[in-house]
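Take a look at the model below. Follow the chain from one end to the other before reading on.

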Amino acid sequence: MATNGSMVDDQGKMNNFAVEPKVYIDEQGDRTGFTPYAELLNGRLAMIGFISLIALEVFTGHGVLGILRSL
């Protein structure tokens, strides 16, 4: 017999922990975690950063460390 979230067994003992919570899956969508979308975005941003560093060195004649040293 169940009443108010507790159960009473056949010996009359009340067990408050007998009712388990319902299990559910939290759907966060396809854009979180290690997904193909995240890997593509990470690769594209890495390529943009690498090309930016090469362009910086070509236009200034110094690398990143040389520019930071001159500040």
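The text below goes from the overall layout to one surface patch.

This is a predicted model, in which local features need pLDDT of at least 70 and side-chain atom pairs count only at pLDDT 80 or more, while totals for chains, interfaces and linings use all residues. Residues are numbered from 1 along each chain as its sequence is written, and side-chain values use heavy atoms, with hydrogens and water left out.

The protein has 2 helices and 3 strands. Along the sequence, the order is β-β-β-α-α. Helices (H or I, at least four residues) and strands (E, at least two) are DSSP runs, numbered from the N terminus.

Of the 71 residues, 3% are buried. Buried means under 20% relative accessible area, exposed over 50%, and partly exposed in between (1.4 Å probe, protein chains only). The accessible surface is about 6,900 Å², and carbon and sulfur atoms hold 62% of that. Such areas come from the Shrake-Rupley method with a 1.4 Å probe; for residues, only the protein chains shown count as cover.

Now find helix H1, residues 36-60. The expected span is 1.5 Å times one less than the number of residues. Just after H1 comes Gly-61, with a positive phi of about 85 degrees.

Which element gives the largest share of the nonpolar patch? Helix H2 does, with 3 residues. Leu-56 lies in H1. Leu-56 counts as partly exposed because its relative accessibility is 32%.
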